[in-house]
Amino acid sequence: MSNTDSFIDEVTEEVRRDQTFAYIKRYGWIVGLAVFAVVGAAAWNEWTKAQATAEAEAFGDSLLDASSAETAEQRADALGMIEAPDATASAIVAQMQAQQLLDAGDTEAAIAALNDVAADGNLPRIYRDIAAFKALLIAPATQDVDARRVALEALASPGAPLRLLALEELAYLEAGAGNRDAAIETLNRILDDVEVAPEQRQRTRDALTALGVSSETPAQ
């Protein structure tokens, strides 16, 4: 009986072995493909990381090289030659270039560079608003008051990242245009905002004092 059981076990094991080899021959390529896919994905991931790191380092080096040029004109030209890796990096380069153009005395070109960033719908709003705000700050005094007011009101809309700074500039605009009541109202809006920074709050109070209004109580 024992010999019979042993023989049956051997036959059963042999059948299992044959079945296993048959499965390997039939489906082994699937396992191999899966292993290849896993290994390939890991290799691709590492290569992508290495490429991104190299790209970031090259971009940083190009910024340093451009910034080390002797004159503002040369720095602006060098920055204009940089190929940024993405839209955000391009916006950063454009704002750096605008500053160099401004330092070189080319205000018109600086404003154009900033306005290009402000008009790029692919960028997050914070980048576009910063560029637009800078362009307004460096605009010549001859800029149309109504156009400037419209631009500042857009930057001061609810939820805008630079709304409080835009409100402050809007108040100065109204004061300069002789619209005292509008300036006072705008300054009080800043004081009433819970997000206003201490430095801006002090500037606002100083501006109200200059307009002959106590900043401790709202103007009537």
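Is Gly60 buried, partly exposed or exposed, and what is its relative accessible area? The first close-up gives the answer, and the others follow.

This is a predicted model, in which local features need pLDDT of at least 70, side-chain atom pairs count only at pLDDT 80 or more, and totals for chains, interfaces and linings use all residues. Residues are numbered from 1 along each chain as its sequence is written, and side-chain values use heavy atoms, with hydrogens and water left out.

**View 1. Gly60 in helix α1.** Gly60 is partly exposed, at 26% relative accessible area. Here buried means under 20% relative accessible area, exposed means over 50%, and partly exposed lies in between (1.4 Å probe, protein chains only). Helix α1, which holds Gly60, spans residues 2-67. Look across to Ala84: it sits 24 residues from Gly60 along the chain, with 9.9 Å between their C-alpha atoms. Stepping back, the protein has nine helices and zero strands; these are DSSP runs numbered from the N terminus (helices H or I, at least four residues; strands E, at least two). Of its 220 residues, 28% count as buried.

**View 2. Two nonpolar cores.** A nonpolar core is a set of buried Ala, Val, Leu, Ile, Met, Phe, Trp, Tyr and Cys residues joined through side-chain atoms within 4.5 Å. The largest one has 21 residues, and Leu152, Leu155, Leu167, Leu187 and Leu208 have the most contacts inside it. Two or more residues of this core come from each of α5 (125-138), α6 (145-155), α7 (163-176), α8 (180-192) and α9 (198-210). Helix α7 gives the largest share, six residues. A second, separate core has 14 residues, including Ala76, Leu101, Ile111 and Ala139.

**View 3. Ala160 between α6 and α7.** Ala160 is found in the loop that joins these two helices. Its relative accessible area is 4%, so Ala160 counts as buried. Ile126 is 34 residues away in sequence, while the C-alpha atoms of Ala160 and Ile126 are 8.2 Å apart.

View 4. A salt bridge is a side-chain nitrogen of Lys or Arg within 4 Å of a carboxyl oxygen of Asp or Glu, and the whole structure has seven. One of them joins Arg148 to Glu169, at 4.0 Å from N to O. Because Arg148 lies in helix α6 and Glu169 in helix α7, this pair ties together parts that are 21 residues apart in sequence. Arg148 is buried at 15% relative accessibility, and Glu169 is buried at 19%. Another bridge pairs Glu174 with Arg149, whose closest N and O atoms are 2.8 Å apart. Glu174 lies in α7 and Arg149 in α6, so parts 25 residues apart in sequence are tied together. Glu174 is buried at 8%, as is Arg149 at 16%. Asp146, Arg149 and Glu174 are linked in a network of salt bridges.

**View 5. Asp193 and Arg163.** The closest N and O atoms of this salt bridge are 2.5 Å apart. Asp193 belongs to the loop between α8 and α9, and Arg163 to helix α7, 30 residues apart. Both Asp193 and Arg163 are buried.
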